[in-house]
Amino acid sequence: MRSLAYALSLSSALLLTGVAQTQTSGSPELEACKATGLMALKEHSPSVKDIILDADSLIVSNTDTEVGDTPVRTIIMGEAYLERKGTGKSQHFLCLIGEKGKVLLTFFTKQ
């Protein structure tokens with residue numbers, strides 16, 4: 001939990017200090033975050049069928065930083081919808097990607 005709080009504060013700080021921001025949809029990074037997040041969510045809630053990322057809200061930031069000793073190369077934030085029987089309210093979405101495109105963290109939270 002402590003590392004998650006650190007990651008969230010780090011990502012906020014990076015975005016506020018002018019890290020290059022681009023909005024991208026369909027990128028390999030987004031697909032990796034979506035797939036990893038869906039797999040993790042299905043373990044806890046099998047009713048989740050899909051994750052729908054709101055392309056208009058996504059921010060993809062390339063960075064060269066570390067969380068502890070782990071390199072972080074991309075931070076993705078935005079809004080996501082979890083598809084079950086229907087699609088409810090959006091949730092905040094955060095994904096940290098390390099070296100070689102490895103997903104380090106995928107995090108969803110209700111607003």
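Guide: Asp50 is partly exposed, with a relative accessible area of 24%; that term covers what lies between buried (under 20%) and exposed (over 50%), using a 1.4 Å probe and protein chains only. This is a predicted model, in which local features need pLDDT of at least 70 and side-chain atom pairs count only at pLDDT 80 or more, while totals for chains, interfaces and linings use all residues. Residues are numbered from 1 along each chain as its sequence is written, and side-chain values use heavy atoms, without hydrogens and water.

The side chain of Asp50 forms a salt bridge with that of Lys34, at 3.8 Å from N to O; such a bridge needs a side-chain nitrogen of Lys or Arg within 4 Å of a carboxyl oxygen of Asp or Glu. Lys34 belongs to helix α2 (residues 28-44) and Asp50 to strand β2 (residues 50-53), so the bridge ties together parts 16 residues apart in sequence. Helices (H or I, at least four residues) and strands (E, at least two) are DSSP runs, numbered from the N terminus. Lys34 is also partly exposed, at 23%.

In total, the structure has three salt bridges. Arg73, partly exposed at 24%, pairs with Asp64, with 2.7 Å between the closest N and O atoms. Asp64 is exposed, at 66%. Arg73 also pairs with Glu99, where the closest N and O atoms are 2.7 Å apart. That pair links distant parts of the chain, 26 residues apart: Arg73 is in strand β4 (residues 70-83), and Glu99 is in the loop between β5 (91-97) and β6 (103-110). Glu99 is partly exposed, at 44%.
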